[in-house]
Amino acid sequence: MKSLLRVLILTYLIFAQSPSAFAEKMDSETQNLVIDRLEQIIATMDKTDASWPGSTLRLADLLAERARLRFMAEIEASCDGCKGSVADRKKALSLYESVFEKSKKSEQGNILFQIAHLHQIANEDNKAKTIYENILKAKKGVYTEDVTTQSLLALADLHFQKAKYKDAQKLYNQALEKAQATQKGFILYRLAWCQFNLGNLKLGISTLENLLGNKNLLVKQTEDGITEDPAFQLDVLHDLITFYTRNIVTPDKITKFQSYLPAQGKKELLLNFAEETSRLGQKQSAATIYEIYLNDTSLTKEERLNATLILAQTNYEHGSSKESLIVFAKAAAEYKDTSCDDEQCQALQKKMRSYVTNLHKSKKSRIDQEVLNAYDIYIQTFPKDIEMVVLGAQVAEDLTQYTKSSQWYANAANLWTKDSPAAVKESALLGEIETAEKSQDQNLREAAYKHYLKLSPDTEKSYEIRYQLAQLSYERKEWDQAANQFRKLALEKTKQTSLQKKSADLALDCLVLQKRDEDIETWSLDFANALPAHASEFQKLYRKSLNTQIVNVANNEKASSSELEKAIKKVKSANMKGASQSEQIMHYNNLAVLAKKAQNDEALLMAYEGLLALPFLSKADREETLASEVGFYEKKLDFKSAYRLALKMKLPNIKPSEKELKLGTLADLANLQPQNHYKRALQYKLSGAPETSVRQRLVMLSSNPASELKKHYSRLLRSPDLVSNMALLIYAKNHSARGLEFVLNDKRLERQAAITYIKKQSYYPKHSLLEQKISGLQLDTKSERTLTKSIQSRMKMLKQADLSLAEALRLRDFTAQIIALSTVKKENQRFAQDFLNLPQPQNLTKKEQVRYTSMLQKQMSPFLLKAKYADAKINDLWTQSAGWKNLIKDLMKSRAEIQYLISQDVHRLIELSPSSEIKSKLKDALNDSRLSQNNLNSMRVTVSKNPNDIEQIEKLITLETKIGHPLMVSYLELRIGQLHRRKTL
């Protein structure tokens, strides 16, 4: 009501506009432009100007109109003054007041009304009221009838808003006598509310009915003239509903209300009438209106369904439960045929759910078939509502309809999700079982038991349910199935020990009835393990049977891998509790025999570890077992494990030096600091090739290998090749010859290739520095003196290049010679060319110039010849010497430490190679030589998985030679020899 009155108040401005403003409507942008333009014009005008009053009044009208529009926008946006209505109002008021005295008498009434109205929309009601009252007190003829009428209405509205309905009613009646036809409808509407609020409901209803019965009153004034006002008509009808429902809604009133309904909005009004009637407790009348509403053929499926649900509830509340249920069933059927979005569907479901639960609550003390039928209808419509399914199952159970109850309990349990309450699933499953047991139907019981176990297999209750399921099989004389069920229960760990014992007894009972003697023997052992108090009578028989089976498989040469694995599984799972010492040793020996035949590493290790764990195992057997396990880990290349076990061995049959050598070798291969073992081996007088190998490893493992080499030098010098190669490895490791002088200066080793290779390394940086110096020299032509000095410097450096070449030749090293020759060639060519390019002396005749050029060429001839010789020698080296090819071979076969040094030579040659073909081969060699640790690790894994595959071992040897452990090559070669001998045997 308040929102409607607010809109009605705003309409006053329209009626009060001057004729020009009313006739000339414009959009907001045009309105703003006109206002801005008028403000600019008026600002430049003198108030004595004859056009000033009219222009000012025009601007005030526009500002008042814009204030009205902005005020309405502010009401819609719920923000006070945010659209600028306050500023426009104040400007308009100021302008109206300034122009009032200079305006025509015929215009002053409108101006006063506009001023009052602007005060009113600003909530300055007292100011507005004073102006309206002054207008009404004026002598007749001072103001027009239109202004007087509007003032009456405005003053009446002010009284109405302050709840002074009696005063408002009086003014509305006065205005009604003066008002135009277009205003009378609104006045009657406001008059009816005064009557309602003053307690005269009957008169208020009559007023609204008269208004609705006269279409000429349901109109509005527009630019196009007087037109129907559908919005006003709807407002009046909505308020008539309020009036009607404050008293008894009779069939006559319902019929009369229908007669007023327009085509547009008819459905909504009827629904509103029904809802309000029901809300105020008139259920029978509400049901009548809902039925009328449902007869409307234009209803959507959603509208019809919603109304049907409300009608069902209304009928029930009225006491017609049977009829209510019929309507509810109809609503459910319509819901299934209705397509709605999630929000709509949820709302409809909520209403239907509420209907059923309310019916249930009302009959809680006397549950009958109607309640069950309501649940049945709902559950068929919404089968996934778990709580309602459980409630329906309880109702069915109360009514002894066990099949339906059990089915609904089962459905509820199936609907359970992690988001549902945990207790719901358990309650539903137990309800299903309880109902099935009450029914005494075996099939129903079986389904309930199985359903519980399917959905709750791990609960404490599940053991009891499985026992009941087995008991059901026993009752049906399904001996085989019952035996298996009871056996599983008997072997399961549970707190329900009494049921466990009963299960074991009944399982054996089933086997007796079937005469399954072998299974009785096996199962008895299983039960002995599960029930220790009854174990002794089965254990001995079990072990004897098991050993017999294992021996038969182990001695069978044709036993398949699956048979072997099956036998292994039996041994591994055997219960040896209470077995004798000999039985335990035999048990693990049998497992070892089977594991070797089946190549089952896991089982073999289990056998070894089992034997070693026996405290009564003899020393000889312990030593033999340790040796076997060490050998196993060696084959798997797991040297850490092999070393750990070897430390436990006594090795009484070998010399102490050999024992320490073996332990040191395993520790070395496992990268576990073998130095102490090696040193003890030397202390025990280790001799021959093993001694040399140990000393070599001590040198290479030392943090200062050069110093360590000096300690062992006299003993190692028996093998010059070995010493020189060790020196090269040390150099490659440290990139320094420091500490190796005693080797490099030993004349006994000077012809060793490795020693020569080390010595030449210092040549490269020295020559590189020389080359940088020469290439940086240029002929200085600033003066004769500077030219002479620069020539001398160049020639001196060229002699240094010749000396460097001579050193390269002495080294007999391909790379050094190529580098030195390339420098000689390049720098002699450059010197000769620079000399020949020197500017000729001035003032020479042509003949003198020719002689001068010839003289220079003769002087440069030796340098050009030297460059030519160097070029020819370079070509010979590349084409006739195998130096670069040998370098590639050395790169491919050398260890990683040496490869780095050789790769430096290859990089130098790549820069100086004479052809793309040679350069490509050198680059390919670099790429092919780059082996990663991943390659090595991968191949080691392959060999550990296939320890007898000679081809894979040979591939690993290739990798170990280059980047692996120094001892791995000899170790793997020894294994290949053993494998070949095994094949020969």
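Helix H38 (residues 720-734) is the top contributor to the lining of the largest pocket, with eight residues. The model is predicted: local features need pLDDT of at least 70, side-chain atom pairs count only at pLDDT 80 or more, and totals for chains, interfaces and linings use all residues. Residues are numbered from 1 along each chain as its sequence is written, and side-chain values use heavy atoms, with hydrogens and water left out.

## Pockets

Rolling a probe the size of a water molecule over the atoms shows where empty space is left. Here the search runs on a 1 Å grid over the protein atoms alone. A pocket is an open set of points where a 1.4 Å probe fits, with protein on both sides within 12 Å along at least five of seven lines. Lining residues have an atom within 4 Å of a point. Grid points are joined across faces, edges and corners, and a volume is the space filled by probe spheres set on the points. Helices (H or I, at least four residues) are DSSP runs, numbered from the N terminus.

The largest pocket has a volume of about 1,600 Å³. It is lined by 49 residues, and Asn725, Leu728, Ala753, Ala754 and Ile898 are the closest to its centre. The second largest pocket holds about 660 Å³. Its lining has 24 residues, with Glu634, Lys662, Thr665, Tyr971 and Leu974 the closest to the centre. Helices H32 (619-635), H34 (656-669), H36 (688-701) and H50 (968-984) each supply at least two residues of that lining. H50 gives the most, seven residues.

Aspartate 746 sits in the loop between helix H39 (741-744) and helix H40 (753-760). Its relative accessible area is 11%, so aspartate 746 is buried. Buried means under 20% relative accessible area, exposed over 50%, and partly exposed in between (1.4 Å probe, protein chains only). The side chain of aspartate 746 makes a polar contact of 2.6 Å with that of tyrosine 713. Another polar contact, of 3.0 Å, links it to the side chain of arginine 748. A polar contact is a pair of N or O atoms within 3.5 Å; within protein, one must be able to donate a hydrogen and the other to accept it, and residues adjacent in sequence count only if both atoms are side-chain atoms. Not counting residues up to four places away in sequence, aspartate 746 touches Tyr713 and Leu717. Contact means heavy atoms within 4.5 Å.

Threonine 435 lies in helix H22 (residues 422-439). Threonine 435 is buried, at 0% relative accessibility. Its side chain joins that of serine 405 in a polar contact of 3.5 Å. Leaving aside neighbours within four places in sequence, threonine 435 is in contact with Glu397, Tyr402, Ser405, Ser406 and Tyr409.

## A buried leucine

Leucine 922 belongs to helix H47 (residues 916-928). Its relative accessible area is 0%, so leucine 922 is buried. Leaving aside neighbours within four places in sequence, leucine 922 is in contact with Trp884, Ile888, Val906, Leu909, Ile910 and Ser913. Isoleucine 888 is 34 residues apart from leucine 922 along the chain, yet their C-alpha atoms are separated by 7.1 Å.

## Aromatic pairs

Rings of Phe, Tyr and Trp (its six-membered ring) pair if their centres lie within 6.5 Å; planes under 30 degrees apart count as stacked, over 60 as edge-to-face and the rest as tilted. The count comes to 22 aromatic pairs. Tyrosine 474 and tryptophan 479 are edge-to-face, at 5.3 Å centre to centre and 80 degrees between the planes. Tryptophan 479 is partly exposed, with a relative accessible area of 25%. Ring pairs link Tyr467, Tyr474, Trp479 and Phe486 into a cluster.

Phenylalanine 831 and phenylalanine 835 form a tilted pair, 6.1 Å centre to centre with 45 degrees between the planes. They are four residues apart in helix H43 (residues 814-836), so about one helical turn separates them. Phenylalanine 831 is buried at 0% relative accessibility, and phenylalanine 835 is buried at 10%.

## Positive phi

Most residues other than glycine have a negative phi. Lysine 477 has a positive phi, near 65 degrees. Lysine 477 is in the loop between helix H24 (460-475) and helix H25 (479-491), and is exposed at 61% relative accessibility. Leucine 651 also has a positive phi, of about 50 degrees. Leucine 651 lies in the loop between helix H33 (639-646) and H34, and is buried at 14% relative accessibility.
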